[in-house]
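Dear colleague,

Please find the structure below, together with a short account of what was found in it.

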Amino acid sequence: MLRLIWDVSLLLASSALAVMMILVLLRVGSTRRRDRLQAARRHMAPLLLETAAPPGDGFDDIPDSVVTQLTLDLIQLVRGAERMQFVQKAASLGVPERLRRQAHSWSRRRRMVAVQGLALFDDATSRDALIERLGDRDDDIRLAAALALARSETRPGLDELIARLALRDERSSLLTISLFRHYANHAPDEVQALVLDSDLPLSVRLAAIEALAVTGDYRLVPAIVALGLRAPGDSEELPRYLHALGRIGHPAAREAVLAGLASNSMPARVAAAGAAGRIALAESADQLVDLLGAPEWWVRFRAAEALLLLGEAGVARLREIAAQGADPAREAAATMLAERGIAP
Amino acid sequence: MIEWPTWAFRAAEIVSWFVVACGLVQVLLYIIQLLFAALALHRRPAWSSTSALWDRFADIAPSIAVVAPAYNEELTIIESVEALLALHYPDFEVIVVNDGSKDTTLQVLIDHYGMVPVARYHDHALAHQPIRGLYAAPERPRLFLVDKENGGKADAMNAGINVARTPLVCVIDADTLLEPDALMRAVRPFIEDPARTIAVGGTIRIANGCRVEGGRVLEARLPRNFLALVQVVEYLRAFLMARLGLSEMQTLMIISGAFGLFRRNSAIEVGGFSADTVGEDMELVVKLHRRMRDLKRPYRIVYIPEPVSWTEAPETLSILGNQRSRWQRGSLETYRTHKDMFLNPRYGRIGFLGFGQVWIVDVIGPIVEVAGYILVPPLWMLGLVSFDYLLAFVAVIFTFGVFISVATLILEEVQLRRLPRARDLAILTLVAVLENFGYRQLNNFWRLRGWWQFLRKDTGWGPMVRKGFQRD
């Protein structure tokens with residue numbers, strides 16, 4: 001046994017050293033190759049930059065990988081007409097075709113680069129390649145393809161996207177919200193349908209609500225109010241409903257916001273206070289004043305902020321508390337007034 | 001020739017076996033960490049460019065307050081703050097906490113940025129020394145300055161967390177150099193799994209020898225100082241193998257105070273950084289584990305290798321020795337405070353794997369290894385144990401040590417390729433072998449000294465004299 005420990009350790013250490021030596025030698029080779037590629041890149045960059053027209057035959061001796069990477073880098077550096085010029089140059093150099101081939105690489109990293117590159121070309125074949133990548137075995141690549149497609153004019157249906165991205169689990173990501181936001185801007189009805197689809201996981205529906213809230217689409221306010229009123233006080237979703245109502249800023253949220261201000265849940269009261277301020281819900285002033293004495297700082301802070309947003313009436317209440325109230329409400333009122341440069 | 005009684009042979013064999021077995025368990029833990037680290041690196045997200053990250057995260061990235069405690073940093077504070085203000089992140093503020101500096105750190109900041117006293121309603125949830133003043137810079141709205149009485153790094157970070165109004169706080173050392181995209185990369189777990197992620201740690205690399213300008217590492221180079229070189233290998237092993245492996249097993253026990261991103265509410269719930277320990281960064285992470293497991297809440301504490309920060313490593317034996325003794329003391333203090341979690345089924349894998357690793361590596365590790373140096377060779381020379389025991393001891397200390405270090409370098413080269421030149425790889429391979437002969441033993445001596453300081457209840461940090469980054 002003792003001898004075996006020695007033998008195994010010797011075998012492992014010598015194998016590791018041998019592998020490392022091979023890696024060092026490989027690195028010498030790859031460094032030389034990298035230097036050649038960088039030289040080619042330095043040669044190509046001014047040629048691409050100096051002419052507005054698509055390039056001619058001067059790039060035959062430049063490796064494809066350099067042409068692809070450099071054109072993609074340049075496209076991402078600029079906007080507007082200049083960007084369109086670079087996109088055309090890249091297309092004339094065969095970059096989209098190479099990216100479509102690269103999208104089938106065994107390497108995840110190369111496939112991801114291909115998807116991110118294809119997103120820059122708004123042609124039918126590139127879009128088809130992106131749609132194909134919605135079935136990639138890697139979650140991130142599927143999501144990257146979905147985000148790219150969501151930004152294009154011919155995006156797939158949201159239902160199809162949800163199915164292909166396997167978003168039907170309970171884990172939620174802010175990237176899902178980001179994806180839905182693109183749809184909310186162009187196809188709000190599809191996102192609204194998600195909110196009302198009770199078969200979908202709550203995480204997906206919440207992401208849809210938050211995406212729609214950013215657009216300020218108030219058609220959903222009654223539905224969110226109903227969901228908010230039904231949500232358990234200590235649930236994770238209640239603050240998110242209230243936050244969305246605040247983002248939309250429609251007075252029809254009144255009932256849910258007032259109920260939220262009285263919630264036992266700290267995050268719900270914080271979100272409700274934020275919403276009350278954004279909606280300028282004057283009738284919430286008494287509750288907001290009560291919340292200035294809450295044990296949690298975030299609640300006091302958001303309540304004071306909301307009172308400031310109520311205008312002169314809210315400021316008057318803050319002045320009153322700053323002058324006559326007890327801590328911690330007094331401190332909250334006095335400091336928030338001072339912070340905003342308002343005389344106490 | 002001495003005639004030893006039978007029990008002496010038996011006792012010598014038991015002692016030698018115990019030393020070898022402890023070493024083997026450590027080696028086994030490291031190999032498991034290596035395997036999990038390799039798995040994590042293989043599974044890490046495919047996207048890597050900063051522009052791709054920005055494109056994807058910019059409109060959803062939660063706001064972050066970067067808390068930078070500063071104590072007597074008058075010479076470097078402007079450069080550090082400028083680098084922080086230039087970070088690539090959509091929504092962040094920099095909160096510099098002047099921790100009662102005795103030099104002109106405060107005045108330098110006020111004068112340079114035209115800062116003015118302001119009122120700011122802030123939390124008092126975390127205890128810290130009194131705040132003397134709050135300052136804002138009208139022309140640099142992202143910058144905020146807290147001037148407080150001296151209370152140490154943990155105290156200053158607590159003040160910064162109290163003043164922050166963002167969902168996430170990033171704590172750094174005043175001399176930490178963050179890569180411009182470090183926040184953008186570190187925030188990924190908070191975006192992908194916002195409900196469960198409560199803390200994220202990033203990689204810290206050694207800046208000695210690098211070309212630094214304007215608070216940025218412009219060119220990564222290896223240090224020329226041997227001690228700093230050894231620390232390059234150590235940091236690679238600590239981050240790329242240990243932290244990444246433990247993170248993949250969901251048993252990460254430390255996020256370095258030099259660069260960590262925390263959910264503010266979670267940090268406040270556990271009372272922030274403890275000012276009564278020199279291992280406040282490890283202690284905070286253990287408190288987070290305890291709290292979340294006590295409440296039976298699902299959570300994630302994650303290390304990701306991509307966000308990089310740079311720090312200056314000690315280049316003299318005395319300063320390095322102080323640092324290592326302090327780290328050892330910090331681990332022991334954390335272990336003592338939370339020892340009820342060790343092997344406690346209530347804390348699941350944290351109690352068994354996390355604390356098991358702390359116990360084997362940090363608590364008994366240095367004692368057993370030094371005992372091995374003192375006992376095993378003499379026992380063999382006295383004829384009490386066979387040559388095989390000596391070979392096994394040499395295996396667990398030296399040859400397995402070489403394997404673990406070189407295997408980490410292989411992982412780095414195959415997956416990350418952050419070392420710029422083939423020559424650097426060759427040098428680090430050589431260092432990975434050499435460190436096992438001399439430096440490792442010295443390190444164990446420093447750790448034993450940390451044990452002694454722990455037993456004596458020493459509380460000081462010891463001197464940390466910085467040479468300064470090599471600037472153009």
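In chain A, the axes of helix 12 (residues 221-230) and helix 13 (residues 237-248) come within 9 Å and cross at roughly 155°. Axes here are lines fitted to C-alpha atoms, for helices over the stretch in contact, with angles running from 0 to 180 degrees between N-to-C directions; helices are DSSP runs (H or I, at least four residues) numbered from the N terminus. Helix 12 and helix 13 of chain A are therefore roughly antiparallel (an angle over 145 degrees). On the helix 12 side of chain A, A:Val221, A:Ile224, A:Leu227 and A:Gly228 take part, and their partners in helix 13 of chain A include A:Leu238, A:Tyr241 and A:Ile248. The residues of this contact comprise 9 nonpolar, 1 polar and no charged. Nonpolar means Ala, Val, Leu, Ile, Met, Phe, Trp, Tyr, Cys and Pro; charged means Asp, Glu, Lys and Arg; the others, Gly among them, are polar.

This is a predicted model, in which local features need pLDDT of at least 70 and side-chain atom pairs count only at pLDDT 80 or more, while totals for chains, interfaces and linings use all residues. Residues are numbered from 1 along each chain as its sequence is written, and chains are lettered from A and ligands numbered from 1 in the order in which they are written.

Between the chains, 40 residues of chain B are in contact with 44 residues of chain A (C-beta atoms, placed from the backbone, within 7 Å). Helix 14 of chain B gives the largest share of the chain B side, 15 residues. That side divides into 27 nonpolar, 4 polar and 9 charged residues.

Yours sincerely

Terms used. Helices (H or I, at least four residues) and strands (E, at least two) are DSSP runs, numbered from the N terminus. Angles under 35 degrees count as roughly parallel, over 145 as roughly antiparallel, 65 to 115 as roughly perpendicular and the rest as oblique. Two residues are in contact if their C-beta atoms, placed from the backbone, lie within 7 Å.
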